[in-house]
Amino acid sequence: MSKLLDIKNLGQLKETGYVSRSVKDELRANLITQLQKKEGGFEGIVGFEDTVIPDLQTAILSRHNILLLGLRGQAKTRIARLLVNLLDEYVPYIADSELFDDPLAPISWYGHEMVEKHGDDTPIAWVHRSERYTEKLATPDVTVADLIGDVDPIKAATLKLTYSDERVIHFGLIPRAHRGIFVINELPDLQARIQVSLFNILQERDIQIRGFKLRLPLDLQFVFTANPEDYTNRGSIVTPLKDRIESQILTHYPRSVEISRKITQQEALLTPEQRTAIEADGLVKDLVEQIAFEARNSEFIDKKSGVSARLTIASYENLISNAERRMIINGEKSTFVRISDFLGVIPAITGKIELVYEGELEGPGKVANILIGKAIKSLLLQFFPDPEKAKKAKAPNPYLEIINWFGDGNTVSLIDDLPFTEYKKLLNEVPGLKALVKTFHPRLSENQQLLLMEFVLHGLAEFSQLNKGFLDNGFAFSDMFNSLFNLEPDDDDDLDLDDRY
């Protein structure tokens with residue numbers, strides 16, 4: 001490759017035996033090489049190895065334009081951006097050509113003129129594959145001029161040319177993406193009349209500007225992304241355009257907590273200090289992912305809208321930062337994530353869920369708290385016996401001592417900013433709690449043990465064995481029945497999370 005980059009004119013390029021090929025042929029050939037070498041490709045894309053990626057590879061081998069169809073937060077744009085890695089590292093073009101004209105097959109007036117005028121002395125330059133990627137977010141204000149181009153009257157007057165002359169055209173994004181990958185994100189948001197302007201480019205490679213038909217054999221790999229048509233309220237993909245996009249590939253959310261967790265850990269932006277000073281147990285990591293799974297099945301959330309993977313990423317970042325905040329306030333050098341830190345996750349959830357009518361009645365803050373509670377309830381059964389079954393079973397109830405202690409009128413308040421020593425003291429004061437954790441998980445560090453002790457209290461509350469009250473900056477656990485009998489008429493206001501968000 002270094003020898004190729006030393007080539008400075010068309011004659012030298014011809015001497016090497018260089019053969020031009022289309023972008024789609026380039027992608028296809030490089031993909032074949034990658035498959036033969038059994039190289040991964042599409043690094044950072046997790047959970048699509050047996051679904052989306054094979055479909056994508058098939059489409060590339062077929063030299064198809066591609067539509068990635070899926071709900072938000074399903075890595076559609078990430079996949080499109082990674083396609084650039086299948087292009088040749090460098091390709092030659094006629095120097096100073098705004099359309100990156102192929103020296104062996106120019107398409108613009110400038111390219112033809114340079115080759116005709118200079119012949120084998122035509123100067124060439126080399127473009128890296130990273131510069132052969134163009135991305136445009138479709139919005140209602142996008143115009144044909146933005147995408148395809150328009151006549152520049154000032155240029156026409158200056159050069160004393162007619163409007164039908166190619167030289168007076170100011171080219172848009174698509175012609176300037178010649179010999180590269182062009183991506184349109186959220187295609188349904190593009191107005192129907194603008195979508196229609198793409199017909200001929202996809203099929204005939206004709207460009208029409210202001211009534212002048214210009215034949216430009218553009219060489220492009222089109223990739224479109226879209227949410228399913230039944231979800232987007234803003235528009236849809238016009239049928240003839242959809243018909244011209246040869247491969248439609250459906251994306252999906254992670255199908256297991258393990259895959260979802262891997263994505264979150266890969267994408268979360270944490271500082272080196274956060275990674276070293278704050279311990280995050282596998283339990284809290286799984287709880288973050290379980291929240292998203294609960295949200296996707298929640299009656300309060302619009303399933304057609306979807307629940308983005310960004311919810312878990314932002315939630316995990318907030319979880320770590322909430323623990324860091326407590327560590328700084330208390331002057332501690334290290335800490336670990338507690339269940340009570342999930343209060344800090346609520347702002348990351350509320351902005352990323354679309355509520356249905358029932359959810360709007362509850363309010364986003366309360367729905368977020370319900371999701372956290374359901375996640376705790378689901379995961380408790382993976383660590384401890386079912387409290388409901390244990391209550392009805394003939395065998396001794398492992399939770400009985402804990403529940404009875406609260407039944408005697410005792411309470412535990414776990415404040416968000418509680419120093420480690422006080423947090424440890426409060427949990428150890430609950431008789432039977434430490435013994436329960438040790439019985440089912442005998443080999444744990446102190447931090448893990450305390451985390452599971454708090455987890456049990458939250459879990460028992462979700463199974464209606466204890467009452468969990470919401471404080472301004474934490475939780476208060478008490479007996480379930482006493483709390484019902486002692487509830488003041490105004491107490492409901494203190495329990496409404498929506499007052500806080």
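## Basis of the model

The structure is a predicted model, in which local features need pLDDT of at least 70 and side-chain atom pairs count only at pLDDT 80 or more, while totals for chains, interfaces and linings use all residues. Residues are numbered from 1 along each chain as its sequence is written, and side-chain values use heavy atoms, with hydrogens and water left out.

## Overall form

The chain contains 26 helices and 16 strands. Both are DSSP runs numbered from the N terminus: helices are H or I with at least four residues, and strands are E with at least two. With a radius of gyration of 30 Å, well over the 23 Å from the globule rule for 501 residues, the chain is more spread out than a compact globule. The radius is taken over C-alpha atoms, and the rule is 2.2 Å times the number of residues to the power 0.38. The C-alpha trace spans about 95 × 50 × 45 Å along its principal axes.

## Burial, contacts and charge

Of the 501 residues, 50% count as buried, meaning under 20% relative accessible area with a 1.4 Å probe, protein chains only.

Among contacts (heavy atoms within 4.5 Å) with a separation of 6 or more, 75% join residues 24 or more positions apart. The chain has 58 positive and 76 negative charges, and their mean positions are 5 Å apart. Lys and Arg count as positive and Asp and Glu as negative, without His and the chain ends; the charge is placed at NZ of Lys, CZ of Arg, CG of Asp or CD of Glu.

Ser 97 lies in the loop between strand 2 (90-94) and helix 6 (109-118). Ser 97 is buried, with a relative accessible area of 5%. Beyond four places in sequence, Ser 97 contacts Ser 108 and Tyr 110.

Ala 125 belongs to strand 3 (residues 124-128). Leaving out residues up to four places away, Ala 125 touches Val 91, Pro 92, Tyr 93 and Ala 95. Ala 125 and Glu 299 are 174 residues apart in sequence and 58 Å apart in space, C-alpha to C-alpha.

## Helix 24

After helix 24 comes Ser 464, with a positive phi near 60 degrees.
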